[in-house]
Amino acid sequence: MRFWLRNEEMALEEMVQRLNAVSKHTDEIMHQDITPLCAADIQDQLKKRFAYLSGGRGQDGSPVITFPDYPAFSEVPDKEFQNVMTYLTSIPSLQDAGIGFILVIDRRQDKWTSVKASVLRIAASFPANLQLVLVLRPTGFFQRTLSDLAFKFNRDDFKMKVPVIMLSSVPELHGYIDKSQLTEDLGGTLDYCHTRWLCHRTAIESFALMVKQTAQMLQSFGTELAETELPNDVQSTSSVLCAHTEKKDKAKEDMRLALDEGQSILESIREPLSKSPEQSLNQDQLDNQTTVQRLLAQLNETEAAFDEFWAKHQQKLEQCLQLRHFEQDFREVKAALDVLAQKIATFTDVGNSLAHVEHLLKDLASFEEKSSAAVERARALSLDGEQLIDNKHYAVDSIRPKCHELQHLCDQLAAEVTQRRGLLNKSLELHGLLEASMKWCDEGIYLLASQPVDKCQSQDGAEAALQEIEKFLETGAENKIQELNKIYQDYEPILTQDLMEHVQKVFQKQESMEEMFHRRQASLKKLAAKQTRPVQPVAPRPEALTKSPCPSPGVRRGSENNSSEGNALRRGPYRRAKSEMSESRQGRSSSTGDEEESLAILRRHVMNELLDTERVYVEELLCVLEGYAAEMDNPLMTHLISAGLQNKKDVLFGNMEEIYHFHNRIFLRELENYIDCPELVGRCFLERMEEFQIYEKYCQNKPRSESLWRQCSDCPFFQECQKKLDHKLSLDSYLLKPVQRITKYQLLLKEMLKYSKSCEGAEDLQEALSSILGILKAVNDSMHLIAITGYDGNLSDLGKLLMQGSFSVWTDHKKGHAKVKDLARFKPMQRHLFLHEKAVLFCKKREENGEGYEKAPSYSYKQSLNMTAVGITENVKGDVKKFEIWYNAREEVYIIQAPTPEIKAAWVNEIRKVLTSQLQACREASQHRVLEQSQSLPLPASSNTSPSKGNARNVKKLEERKTDPLSLEGYVSSTTLPKPPEKGKASPTSPDKKAKRHEVKSDPTPFGLRGWSKTSHPLEAPEDNDGWSSAEEPINSSDAEEEGGVGPRKLVPGKYTVVVDDEKGSPNTLAVRSGDVVEVVQEGEEGLWYVRNLTSSKEGWVPASSLSVLLGKSSSAQCLSSPESSAGSALLSNSSSCSESCGAPLSDLQG
């Protein structure tokens, strides 16, 4: 269709160009491009005949203009004189006019004064080139004498660019111009009639104007025809074709009249030749003839150009009419086929008896006969459509799908009839089998009933009856139902519940009858066996045979035979088992090959679906971009766009064009490279995973696009575009395609992975699937993120959004140093949390009213926690779905309840990763600083009894760690807990998970310089930990001075406050709670102190890292960040925050 429209546009452009050329050539022929004067415009001035162009020529072909004796010449207005001169000089050809004009001024009957004035006037205002001016002066003696004297004395007044020659008589004139080129009044023989000349000039110019107007009219008419919108029905198309044909006929009639007019003018010019063949035409008459001939040629060119355009336009209209007939017939045929399809769909009955099935088959045959006319018409119409396509019809894209649909409907109907006939034939076969079985059963019962009992008592009667029964049973192979399961399997498509019950009844009847036959057989055999016992006169003596030491050969052979049979029986199972094992082994290998082949087929199927849907997706995007987005910039469509839609293309379509170019130019082409190895397609996704981020931008814009669509969906622009594209669905359905496509990929990858688990690309497929799911999660998270309101800062400054979700939240805050708790909240707050790399946001979810994306919730910002000051407690008593997020050493505690334990575990794990990464970053930065300071400190003397022995050992370890300052594994080893001072009999045991939690999560040394507890719990994955923080604090400056900046934390007597919960404890550690006051009894090894809990009066080992020195009435979580702090101020434990460890303490250390 588009190709034909371009074709017609090209035909119209060609016709317009040709007709414009005709108009231009007409103006050139008539010199209208130089002098736009016509004889009709100055007809009255030309009739005065004070100057005329007789057609004579000079010796060199220069045109002659004659100024006859005209007494009132001086009274002619300048404007009229100028018009006549301009017109007369425009008539000769440009070639002749370029030679120059000869002026013959006849003033024989005039006065000298008048001659002088005339010559001066002509010389002053002549508009063309002059070659010669010949003046016939007055013939009177006085005037001639006066003219001679005056011309001699006033020669300077007649100075012109060309010579002015005063002639006394006509013969002198003949010396300059031949008599044949002069009119009779100048003594020549040239035939000139001024009235006839004026009539010819008027007619020629009128004809030229007609030619030009005809060309313009045909140009307008062609444009009108080309711009006519084609109707959608047969009647309207026929009307348009008739109307255009009538207009074409009228235009052709106008052109015929114009041609007749031109021929008439040409004959009028040639009239002197027709009267007297000896007479010849003067040059002006020849020029007029040439002009008319050229105009006729232009008119013929006009007609030819229009005829060519009309042929194409008429072909288009006729093809349009053919298309409308085809579409109308298609609708009628399709409706008939749909009715037939509905009727055949009602043929679901398979019959309940043989006669019923035969009747159904007759009905089906009748239906097929009646439907054959509609099917034949459909197939004929399909052939007509193919013929239209072969004839290069412009609507191939519309006709071909309809032809295919007709063929499909016919084939589908034929297949339905064939399938229905097959089912009925199956039913006929089954009912025939059932009736044969029932007939066989009836005959058997009749046979049993017809056998006389009295005759069967004799041997002969019993044997005869037995033979009769056996003979009858042999006929059962052809008549009875052999296996019920085989019947179910063979006739499964037609087995309805009623028919299945009927089959079961027949089979039961057959079994009952056979059982009766078997009982009768057994009875008859007993009767026949009674008389067959042998009667011997002498009884045998079996004891002789028994006592014989050598059995008879026959007996031996029998025993041997029995033995061999027994051996065969014994060998049989083994051989069968072996054979079965071999067969099963072959079966397994065969089945494995078949399974792999089936998996390959399934993989190809998934790949084909991926490619097919990808191509359709790209085509749909292109259709939207060309049919809607590009049309918004089309000036012809501007009037249809509402004010609310102006300049909103980027809002409505987002970055759809970017998505289209990625898929069309890159992704689709790369997917096609994997068509032969679909199991490796995961690599294609992985290589282009970064480009898929463009979908996040599209989805973020989707709410704005949806809102704009709802406001402007009834805009005529959308309706017009949808009509042009012939879309059944509106634009909003196509704007949803990218969202649907990005979610479709993960389904296809899952399918491909399911069939490729043992293939080479399985890992790539799994990674691609995970990446796509990650993109979907990121898109979903970003959709929530843009709905946050009330946040003053820039959300992008908070780092990557890691997780988001809704939770129930309780608060438990400590205010100041008094530890005054907030009023307990019995009812939890419903908050939506956003976990970023640098902060966690608490928002209140607000549902919005609306439709589509407007119904999506918004989030009102409430507060945020900086992750550098956050810690977590993974387990909360009483609920496996709760965990704690605390802030600034538990000054603010938030109890979070997740919807499920799985969600809780995911959040805790993600927060743990953030805190671990922050801890590692802080340690790496501060470790480098401490190493620099330790290199500048003096090393103490080595002595076995020196208290600084451990320092030297630690300094050695420190030097060893210089090679790998980023390694955290070097700080972890394994040992046992020290024995308590008073309960030393207890054998040392390794710390449990709770002890590891305290020791691994928070380093009580200045960034690991005092050594770590010797556990093997990895820092990266402390799965059983309850409390986590990224905080550490450098050692107190007094300790650093005593031990040279290196060594374990020394015991400072006094009371301490517990800052880390460990309520469960372990067999070797004391259970403590945050806020408990303890008194140090003895210092142990590896950072453990033996303390007495003043709250519970219990004693035991606790990590020194979980204690904070008690200074007056300060908080239990008090941290001294200045170097002047006392030695007992010690450290913040894992309840501290990263902001405290990386803030003031680090600056103090560096200062």
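**Exercise 1.** Work out whether Arg615 is buried, partly exposed or exposed, and find its salt-bridge partner.

*Solution.* Step 1: Arg615 has a relative accessibility of 31%, so Arg615 counts as partly exposed (buried means under 20% relative accessible area, exposed over 50%, partly exposed in between, with a 1.4 Å probe and protein chains only). Step 2: the partner is Asp612, with the closest N and O atoms 3.4 Å apart. A salt bridge here is a side-chain nitrogen of Lys or Arg within 4 Å of a carboxyl oxygen of Asp or Glu. Step 3: Asp612 is partly exposed too, at 44%. Step 4: both residues sit in helix H19, 3 residues apart, about one turn of the helix. Helices are DSSP runs (H or I, at least four residues), numbered from the N terminus.

A word on the model: it is predicted, so local features need pLDDT of at least 70, side-chain atom pairs count only at pLDDT 80 or more, and totals for chains, interfaces and linings use all residues. Residues are numbered from 1 along each chain as its sequence is written, and side-chain values use heavy atoms, leaving out hydrogens and water.

**Exercise 2.** Find which parts the salt bridge between Glu609 and Lys744 ties together.

*Solution.* Step 1: the closest N and O atoms of Glu609 and Lys744 are 3.4 Å apart. Step 2: Glu609 belongs to helix H19 (residues 553-629) and Lys744 to helix H26 (residues 737-754), so the pair ties together parts 135 residues apart in sequence. Step 3: Glu609 is partly exposed at 30%, and Lys744 is partly exposed at 27%.

How values were computed:
Helices (H or I, at least four residues) and strands (E, at least two) are DSSP runs, numbered from the N terminus.
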